[in-house]
Amino acid sequence: MSTPISPVTKVYSVQDAKISALTSDPDGGTPVYGTPIDVPGIQSFEIGGDIETKKLRGDNRALASNSVVSGITVKVEHAKLSLTALAAITGGSSTNSGTSPAQKTVYSLGADDSLPAFKLEGVTPANGVDIIGGDLHWVLYCCTLSKFPDVGFADEDYRTVSFEADANPLISTGQWIDAVLNETAVAIPAA
């Protein structure tokens with residue numbers, strides 16, 4: 001009989017992150033996701049949240065209080081711009097055209113495009129946790145952007161890309177966020 005792994009660990013670095021379009025989330029059904037898209041050059045993957053607290057007072061004193069998680073947010077920063085990933089989180093499009101030496105890829109966002117829902121998953125490198133050869137995955141099942149991604153240029157420097165999103169529970173299963181600590185490192189699933 002094996003002993004369960006400890007739920008306590010250090011968390012060192014981030015090695016990979018992927019975005020998958022949430023294409024279907026039927027009430028009582030199973031969520032359906034598109035093919036994962038790499039977030040190239042992942043540098044940080046920060047999760048935070050809000051808690052709403054209600055306090056009941058009477059007789060000149062505190063009688064009760066109750067708190068609920070009212071929101072989860074994620075902020076991601078990555079080293080390279082992916083027009084495909086940008087289109088996946090903004091609802092725009094990324095199209096390739098032309099033949100060499102005049103090929104091009106164009107990201108477009110139109111007035112009628114709407115912000116889509118997507119899954120976001122990040123993972124530490126192997127040995128990025130206390131378990132030798134293990135890893136940790138953070139999975140947010142239903143995200144939407146909370147502000148437009150930070151893109152552009154930087155004077156005489158590399159320009160990193162970042163975005164922020166709100167995470168919501170899935171309609172189908174109620175899943176919101178998972179932290180998965182693996183005894184043996186596992187890549188983010190390809191589908």
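This is a predicted model: local features need pLDDT of at least 70, side-chain atom pairs count only at pLDDT 80 or more; totals for chains, interfaces and linings use all residues.
**Entry 1: a leucine at the surface**

I found Leu-109 in the loop between β7 (104-108) and β8. Leu-109 also belongs to a nonpolar patch on the surface, together with Leu-81, Phe-148 and Val-151. The accessible area of these four residues together is about 340 Å².

**Entry 2: the overall layout**

Next I stepped back to see the whole protein. I noted one helix and eleven strands. Going from the N terminus, I read the order as β-β-β-β-β-α-β-β-β-β-β-β. The C-alpha atoms fill a box of roughly 75 × 50 × 45 Å along the principal axes. Of the 191 residues, 32% count as buried. The protein exposes about 11800 Å², and carbon and sulfur atoms supply 52% of that area. I also looked at contacts with a separation of 6 or more: 64% of them join residues 24 or more positions apart.

**Entry 3: the nonpolar cores**

Which residues touch the most other members of the largest nonpolar core? I wrote down Ile-19, Phe-45, Val-76, Phe-118, Leu-120 and Phe-163, out of 20 residues in that core. Several elements each supply at least two residues, among them β1 (16-24), α1 (83-90) and β8 (118-123). I then followed Ile-19 on its own. Leaving aside neighbours within four places in sequence, Ile-19 is in contact with residues including Pro-36, Val-39, Ala-85, Ile-89, Phe-118, Leu-120 and Phe-163. There is also a second, separate core of six residues, and Val-139, Tyr-141, Cys-142 and Leu-170 are among them.

**Entry 4: strands side by side**

My next stop was β5. This strand runs antiparallel to β4, and 16 bridges join the two. β5 also runs antiparallel to β10, with seven bridges between them.

The hairpin of β4 and β5 has two residues between the strands. One of the residues in the turn, Asp-59, has a positive phi of about 55°. Asn-60, in the loop between β4 and β5, has a positive phi too, near 65°. Is Asn-60 buried or exposed? Its relative accessibility is 75%, and because the cut-off for exposed is over 50%, Asn-60 counts as exposed.

**Entry 5: the helix**

I wanted to know how covered α1 is. Six of its eight residues are buried: Ala-85, Leu-86, Ala-87, Ala-88, Ile-89 and Thr-90. Just after α1, Gly-91 takes a positive phi of about 85°.

A reminder to myself: most residues other than glycine have a negative phi, and most peptide bonds are trans. Ser-13 has a positive phi, near 70°. I found Ser-13 in the segment before β1, and its relative accessible area of 43% makes it partly exposed.

Where is the cis peptide bond that I noted? I traced it from Ser-100 to Pro-101, with omega near 10°. Pro-101 lies in the loop between β6 (93-97) and β7.

Technical notes:
Residues are numbered from 1 along each chain as its sequence is written. Side-chain values use heavy atoms; hydrogens and water are left out. A nonpolar core is a set of buried Ala, Val, Leu, Ile, Met, Phe, Trp, Tyr and Cys residues joined through side-chain atoms within 4.5 Å. Buried means under 20% relative accessible area, exposed over 50%, partly exposed in between (1.4 Å probe, protein chains only). Helices (H or I, at least four residues) and strands (E, at least two) are DSSP runs, numbered from the N terminus. Contact means heavy atoms within 4.5 Å. Patches are made of residues with over 30% relative accessible area and no salt bridge: like charges are joined within 9 Å, nonpolar side chains (Val, Leu, Ile, Met, Phe, Trp, Tyr) within 5 Å. Accessible areas come from the Shrake-Rupley method with a 1.4 Å probe; for residues, only the protein chains shown count as cover. A salt bridge is a side-chain nitrogen of Lys or Arg within 4 Å of a carboxyl oxygen of Asp or Glu. Two strands pair if DSSP finds at least two bridges between them.
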